[in-house]
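Me: I have a structure open and have not looked at it before. Can we go through some of its side chains?

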Amino acid sequence: MAPMRLRLPEPLRPLADLAFNLRWTWNGAAADLFRRIDSELWEATNRSPIRLLRLADAARLSELAADERYLAALRECLHELHEHLESPGWFARVHGEARDLRIAYFAAEFGLAESVPLYSGGLGILSGDHLKSASDLGLPLTGVGLLYRHGYFTQRLTPEGVQRELYPVTEAEDLPLVRELLPDGRVLRAGLNFPGREVFAEVWRAQVGRVRLLLLDTRIDGNRPEDQVVTGALYGGDRENRLQQEIVLGIGGIRALAELGIRPDVCHLNEGHAAFLVLERIRQLVREDGLTFAQARDAAREGNVFTTHTPVPAGFDAFAPDLLHAYFAGYAEELGLGWREFLALGGSDGTSPFSMAALALGNSARCNAVSRLHAEVSRSLFRSFHPPQELAAEELIPISNGIHTATWCAREMKELLTRHLGPRWKEEPHEPDAWAAVETIPDRELWTAHTALRAGLVEWVRGRLPHQLERRGADPADHAWARWVLDREALTIGWARRFATYKRATLLFRDRDRLRRLLGEAGRPVQIVLAGKAHPHDDEGKRMIREIASLASDPALRLKVVFLANYDIGLARRLVRGVDLWLNTPRRPLEASGTSGMKVVVNGGLNLSVLDGWWAEAYDPEVGWTVPEAEGQPDPDAQDHAESQRLFSVLEDEIVPLFYERDGDGVPVGWVRRMKASLRRLAPYYNTHRMVREYAERLYLPAAIAHDALAGGAPVREPAAG
């Protein structure tokens, strides 16, 4: 039941139950109940049901409490939620013999909704989508993360286009969270040893459908002021703060689970931030089960699954041995290890940094990359590590990322697909035959649905941009043009992601004359919408934002080039649903996977990308386009110039003509043919239902069986086929 901190008329009390289960983020009918209360307030609160219900006009709530049609819809949504929570999912039906399996999924960030700021970008969105599919499939999984009171930063631009970072405080009371309680009613707290003191992390719970997500928070009375801000900001602070956060996540997370009586069979480390959990699992087995260090390490290793997301060494967290010593000298003694033995667990020789990736890789029997190309890159990268990490690198497998289809597919597309495909595509999006009937959708009907989404994006941008310019200090009289940006009928290109140098946000802007001709061709207009944040310490990323912001302010281009500040889930949802073409321009092979282009697919958009990450395996001429790679160039700048010219050629010679080649009804038949091929061939594979099923059957179940055989736990029986 939801906590009683929302005052609602009695007939509307079930709204609290819906608000405190994040399943509303992928249940359109439930979200619509909140929107119907006050659509402007719904958007103003960043689609936060909790804040909406707290701030809603009492008279409006009383009106709805007497509205039988609204109450009927509320009862239906509540019934559907309870049915979801109580019914067995795929896992119970197929792997019922493993019903006692316990999986703990650790990640530094979770992107569940724009109103729950616990994420920065793709890694967090993937974690959130993983939990949503785990709920739909009925996996016995518990998420573990941190509650960031400042989240990731809010992005603002100065009049000159300089990124400024703001860190507003997020109060837990404004989030769909409750304190996790022990059986005796006390709030769950995990204790941790910091130098010269004990620090406690309080545990909050978010409910994501069937799945529980535990979030650790050090902002509690009793902790020192400097310790209360350990979980203050995502990826904020100095190296010591990052170390502290990863101790809270990995060690504190395992201790919180233990307080709840949960000893996971499997711990999934989504990236290396949580790698200290491998040490705490070993410590538990030594202290509580009487195993030797070697026995405990073997057992823990079998039960750990590690997913790597980075293709470059700089992407792995590493800490100086001296800094580590202040926090782990006593811990090493407790494990019966000398200090050099302890450092060796992280690939350190005593002078080199202690690598979290080495710790995770060497203590996880099952490891995976997030695309086929990324697996090749990661094997090469990890071969430089010392044994046993090198052996683990050879056994690393690819499990390609996906998206949670129900979250990212627009309502209009859902209605169209259900009308022609039936409901199965929503219930089993991973099944190819559920999408086969896409070919039978009338071209005009599919095109009309997508055109409406593009028009909706244009109207939304026209409403948002003036406010953005005012925040930049512009005089309202000087930006009346902002209400007329973009064209509802023009070919709309989207580019949105982190402004890292290798992602090459400015590749399409290197040749300004050619860009102006592309955008301004009579009868065949093209327009571009961009968004993204640069890391606060990434000066080159910030420079690229300034360059694009300046270009978007040019009177000759400002109606056709728009940069939208403060990229988040809400902005991403609008973009991926409304663009015709999603552009991705990384320098191969530095994109591990990427999932934004997958979100475009389920909304009828097409992809134009470098053959990197997921597109290296997904690309086919029938479903999209690629930017030919300029191999053999003497330096990165020469490569960028050559690939920029090739990008323009693909747009000018292939994409723009195909988009504007219409039949007698105004439908671009060739374009729609690719839309259908993209939906039919890519949507069934690049979704988290397929991905999570792979994790369950290829990694979780084998890991649990091997771990329990060595740790002496209740056995998880061999999984059934399928």
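Me: What lies over the face of Trp408?
Reply: Lys599 does, at 4.8 Å from the ring centre. Keep in mind that this is a predicted model.

Me: And which residue lies over the face of Tyr685?
Reply: That is Arg690, placed 4.0 Å from the ring centre.

Me: Now rings against rings. How many aromatic pairs does a search of the whole structure find?
Reply: The search finds 27 aromatic pairs. One of them joins Trp90 and Phe91, in an edge-to-face arrangement with 6.1 Å centre to centre and 65° between the planes.

Me: Are Trp90 and Phe91 buried or exposed?
Reply: Both Trp90 and Phe91 are buried.

Me: How do Trp615 and Tyr619 pair?
Reply: Their pair is tilted, with centres 5.8 Å apart and 55° between the planes. An angle over 60 degrees would have been needed for edge-to-face.

Me: Is Trp615 buried or exposed, and why?
Reply: Trp615 counts as buried because its relative accessibility is 0%. Tyr619 has a relative accessible area of 27%, so it is partly exposed. The cut-off for buried is under 20%.

Me: Which residues form one aromatic cluster with Phe276?
Reply: The cluster consists of Phe276, Phe328, Tyr331, Trp339, Phe342 and Phe354.

Me: What does Phe276 touch, leaving out residues up to four places away in sequence?
Reply: Its contacts include Phe328 and Phe354, which are also in that aromatic cluster. Phe276 also touches Leu243, Glu246, Ile247, Gly250, Ile251, Leu324, Met356 and Leu359.

Me: Which residues touch the most other members of the largest nonpolar core?
Reply: Leu139, Phe276, Phe328 and Tyr700 do, in a core of 147 residues. Helix 29, residues 688-711, supplies the largest share of this core, with ten residues.

Me: What about a second core, how many residues does it have?
Reply: The second core is separate and has 102 residues, among them Tyr119, Leu157, Val458 and Trp671.

Me: Changing topic. Where is Pro476 found?
Reply: Pro476 is in the loop between helix 21 (443-471) and strand 15 (491-496).

Me: Why does Pro476 count as partly exposed?
Reply: Because its relative accessible area is 49%, and exposed would require over 50%.

Me: What separation is there between the C-alpha atoms of Pro476 and Pro466?
Reply: They are separated by 7.6 Å, and the two residues are ten apart along the chain.

Technical notes
Residues numbered from 1 in each chain as written. Predicted model: local features only at pLDDT ≥ 70, side-chain atom pairs only at ≥ 80, totals over all residues. Heavy atoms only, no water. Phe/Tyr/Trp six-rings, centres within 6.5 Å; stacked < 30°, edge-to-face > 60°. Buried < 20%, exposed > 50% of the residue type's maximum accessible area, 1.4 Å probe, protein only. Lys NZ or Arg CZ within 6 Å of the ring centre and 35° of its normal. Core = buried A, V, L, I, M, F, W, Y, C linked by side-chain atoms within 4.5 Å. Helix = DSSP H or I, 4+ residues; strand = E, 2+ residues; numbered from the N terminus. Contact = heavy atoms within 4.5 Å.
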